[in-house]
Amino acid sequence: PYLAGFMDVSSFPLERWGAHPEPENALTIATWIIHISSLVEFLVAMGFAWRWADVVKNPTWKGLTWGLLPLHSSGITACTYHLFYNQIPVLVPLQAFLTCIGNTTAAIAAYRI
């Protein structure tokens, strides 16, 4: 295991009650914290852009929020893929598609500003 299993989720106490140990491709607690905080951070940034549109009275900033939505969906897709221990392979091309669309819509929205 990476770093001798530092910050891995220990299943030892749960094995007594019939829980199965996590597979080798399970994410560590630190990695989950980074994934989830990135999703929350993205929502906060989208909210700031929406509010900024009202402050400066420029509605094109709201378009940036809409343009970032596919990228946020891509992050949710990645977390879902990892949550199920990489067992749903269709999520990989879906995430790639959402990232491509999101990069395009974010670029168009930024250009409009």
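My entries below go from the overall fold down to single residues.

**Ground rules.** This is a predicted model, so I kept local features at pLDDT of at least 70 and side-chain atom pairs at pLDDT 80 or more, while totals for chains, interfaces and linings use all residues. Residues are numbered from 1 along each chain as its sequence is written, and side-chain values use heavy atoms, with hydrogens and water left out.

**Fold.** I began with secondary structure, taking helices (H or I, at least four residues) and strands (E, at least two) as DSSP runs numbered from the N terminus. I got four helices and zero strands, in the order α-α-α-α from the N terminus. For contacts I used heavy atoms within 4.5 Å. Among contacts between residues at least 6 apart in sequence, 54% join residues at least 24 apart.

Accessible areas are Shrake-Rupley with a 1.4 Å probe, and for residues only the protein chains shown count as cover. The protein exposes about 8,000 Å², and carbon and sulfur atoms supply 71% of that. I call a residue buried under 20% relative accessible area, exposed over 50%, and partly exposed in between (1.4 Å probe, protein chains only). Buried residues come to 25% of the 113 residues.

**Core.** Which residues make up the largest nonpolar core? The rule is a set of buried Ala, Val, Leu, Ile, Met, Phe, Trp, Tyr and Cys residues joined through side-chain atoms within 4.5 Å. I found seven: Met-46, Ala-49, Leu-64, Leu-68, Leu-71, Ala-106 and Ala-109. I then listed what Leu-71 touches beyond four places in sequence: Phe-42, Leu-98, Thr-99, Gly-102, Asn-103 and Ala-106.

**His-72.** This one sits in helix H3. Is His-72 buried or exposed? His-72 is buried, at 8% relative accessibility. Leaving out residues up to four places away, His-72 touches Leu-39, Phe-42, Leu-43 and Met-46.

**Nonpolar patch.** Patches use residues with over 30% relative accessible area and no salt bridge, joining like charges within 9 Å and nonpolar side chains (Val, Leu, Ile, Met, Phe, Trp, Tyr) within 5 Å. Ile-36, Val-40, Val-44 and Phe-48 make a nonpolar one of about 370 Å². I checked Val-44, which is in helix H2 (residues 29-56) and partly exposed at 42%.

**Salt bridge.** My test was a side-chain nitrogen of Lys or Arg within 4 Å of a carboxyl oxygen of Asp or Glu. The structure holds one: Asp-54 with Lys-62, closest N and O atoms 3.2 Å apart. Both ends are partly exposed, Asp-54 at 44% and Lys-62 at 23%.

**Phe-84.** Last stop was the loop between H3 and H4, where Phe-84 lies. Phe-84 is partly exposed, at 43% relative accessibility. Phe-84 and Ala-26 are 58 residues apart in sequence, yet 9.0 Å apart in space, C-alpha to C-alpha.
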